[in-house]
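Welcome to this short tour. Please take a look at the sequence and the structure below, and then we will walk through some of their features together.

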Amino acid sequence: MPRTRITEPPPRLAVVDLGSNSVRLVVFEGLSRNPLTIFNEKAVLGLGRGLQNTGLLNEAAIGPALTVMGRYAAVARAMGAETVEVVATAAARDAENGPDFIAALRDRHPDMPVRVLTGEEEANLSADGVLLGFPDADGILGDLGGGSLEVVELDRGRAGAAASLPIGAIRLADRAGGDPARARAIVEADLARVPWLKRGEGRDLYLVGGAWRALARMHIAQTDYPLSIVHHYVLRREEARDLAGVVAKSERRMLERMPGAPAKRLGDMPFAAVVLRRLLRATGARRVVFSANGLREGWYARLLPEAVRRADPMLEAGRDLALRWGRDPDLPTALQAWTAPLFEAEPPDQAALREACCWIADIGSHDHPDYRAEQAFFRVLRQPGVGLDHHQRAFLALVVALRYEAEPLAPCLATARSLLDATAVKRAEALGAALRLAFTLSGGTPILLAGTALHRRGEELVLRLVEGSGVFAGESVQRRLDVLAAALGLVASVEVAAV
């Protein structure tokens with residue numbers, strides 16, 4: 001018997017980023033705080049290669065670009081995208097034959113809007129994308145494409161001054177005649193035209209763009225960093241400077257031998273590294289933060305209702321997981337109240353983490369019981385939530401694994417433990433034990449949980465049970481209560497009270 005949908009499927013939205021180096025189609029599903037990408041395909045065509053010298057789009061790339069755009073239009077239609085738009089950047093806006101190319105594209109696909117962005121529009125869209133993943137971003141944003149570098153000042157979650165400079169990796173290579181040494185002077189002179197970059201002193205430098213993400217992947221591979229996620233990857237100023245220095249001076253053969261080096265971007269990497277090194281000097285940034293969010297996510301962000309856009313991305317990621325995998329949508333709120341007495345006077349960031357843990361505490365309910373802990377752990381650690389930094393991912397994943405009674409030293413948990421300090425691990429162990437006890441008592445139902453309560457009394461951890469409520473202190477309850485008490489440095493006791 002065929003299944004019927006219980007709810008209407010979420011809308012799908014597609015954007016084509018027509019850049020100087022690559023053309024990419026991204027299809028998003030739904031209008032949620034954390035963009036869910038269900039299709040992402042890129043074609044590296046070099047449409048802007050040679051533009052600096054000829055003033056024209058790369059003739060060899062125009063035909064393939066039109067072919068690729070035909071495919072992307074077909075994919076978007078086949079996937080049922082309700083909104084489809086092409087956003088074209090530096091190559092299309094700067095080339096003499098850019099208008100002819102855009103006109104040909106519009107003739108072939110009259111139902112697919114094409115917008116040629118100004119440099120300022122490109123910068124602002126990138127800023128919107130970064131702020132979707134870093135709501136409180138403070139510092140300077142740099143978005144490096146093939147044709148241009150967009151820079152934006154970010155002031156505690158607000159976009160400010162913006163500029164677009166003709167030093168994208170491809171254009172810079174052309175301007176410097178393929179010589180990274182000459183490129184340094186060009187970049188330095190162009191950055192000097194943006195005096196407000198100095199306001200980045202002691203703040204963060206947020207990096208967007210494929211070439212810079214490739215640098216992050218190289219560093220991840222070379223240092224055996226435990227989480228292969230570029231988004232929210234952080235380097236100290238000295239680390240970023242040293243990495244960029246090595247890449248900028250390396251010949252192609254040396255780059256090919258470096259772990260994580262991108263085969264399709266090797267020629268651009270020294271110039272991307274030059275821009276990074278000069279930008280570090282111009283801004284005085286204290287550290288580099290890599291963002292997988294950029295122009296495409298900024299395009300998506302502008303379609304979101306304002307209330308959704310302003311929501312906490314970590315909590316929204318937890319709610320999304322709970323609604324998809326949990327059993328009772330009322331349980332997370334009950335768990336928040338139930339665990340609160342264990343963590344008195346917690347700072348706001350810790351309270352938010354605990355709330356997120358309560359949202360994801362039941363996401364293994366539909367998994368095979370022998371693999372629930374491991375499955376839930378990786379589901380959380382590797383989720384697509386754009387607002388989660390690596391510490392948050394590790395903390396949430398460790399808590400949910402321990403809630404499912406993973407062995408504390410299980411090999412799969414090593415990633416999380418290596419990303420957390422001893423204090424965070426101890427808190428995760430206590431919260432995981434508390435959630436495990438809550439589910440043992442309640443069977444995952446807020447009604448039964450309401451017949452229980454925890455509180456501290458001096459050096460005691462007291463579990464209060466309401467008589468006749470359907471819960472009792474059996475062996476498994478006592479054992480899990482003892483584990484929780486030990487994690488908190490307390491002694492466990494049980495009280496039974498009349499209704």
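## Charges over rings

A charge sits over a ring if NZ of Lys or CZ of Arg is within 6 Å of the ring centre and within 35 degrees of the ring normal. Arg 403 does this with Phe 439: its charged end is 3.7 Å from the centre of that ring. Likewise, the charged end of Arg 379 sits over the ring of Trp 325, 4.0 Å from its centre.

This is a predicted model, in which local features need pLDDT of at least 70 and side-chain atom pairs count only at pLDDT 80 or more, while totals for chains, interfaces and linings use all residues. Residues are numbered from 1 along each chain as its sequence is written, and side-chain values use heavy atoms, leaving out hydrogens and water.

## Aromatic pairs

Rings of Phe, Tyr and Trp (its six-membered ring) pair if their centres lie within 6.5 Å; planes under 30 degrees apart are stacked, over 60 edge-to-face, and the rest tilted. The count here comes to six aromatic pairs. One of them joins Phe 377 and Phe 378 edge-to-face, with 5.0 Å from centre to centre and 75° between the planes.

(Buried means under 20% relative accessible area, exposed over 50%, partly exposed in between, with a 1.4 Å probe and protein chains only.) Elsewhere, Phe 28, Trp 299 and Tyr 300 form one aromatic cluster.

## Strands side by side

Strands are DSSP runs of E with at least two residues, and helices are runs of H or I with at least four, numbered from the N terminus. Two strands pair if DSSP finds at least two bridges between them.

Strand 11 (residues 287-290) pairs with strand 9 (residues 204-208) in the parallel sense over four bridges, and here Tyr 206 stands opposite Val 289. Strand 11 also pairs with strand 10 (residues 234-236), in the antiparallel sense over three bridges; there Leu 235 stands opposite Val 288.

## The largest pocket

A pocket is an open set of points on a 1 Å grid over the protein atoms alone, where a 1.4 Å probe fits, with protein on both sides within 12 Å along at least five of seven lines; lining residues have an atom within 4 Å of a point. The largest pocket is lined by 36 residues, and Gly 133, Phe 134, Pro 135, Asp 136 and Gly 387 lie nearest its centre. Among the elements that each supply at least two lining residues are strand 9, strand 11 and helix 18 (390-403).
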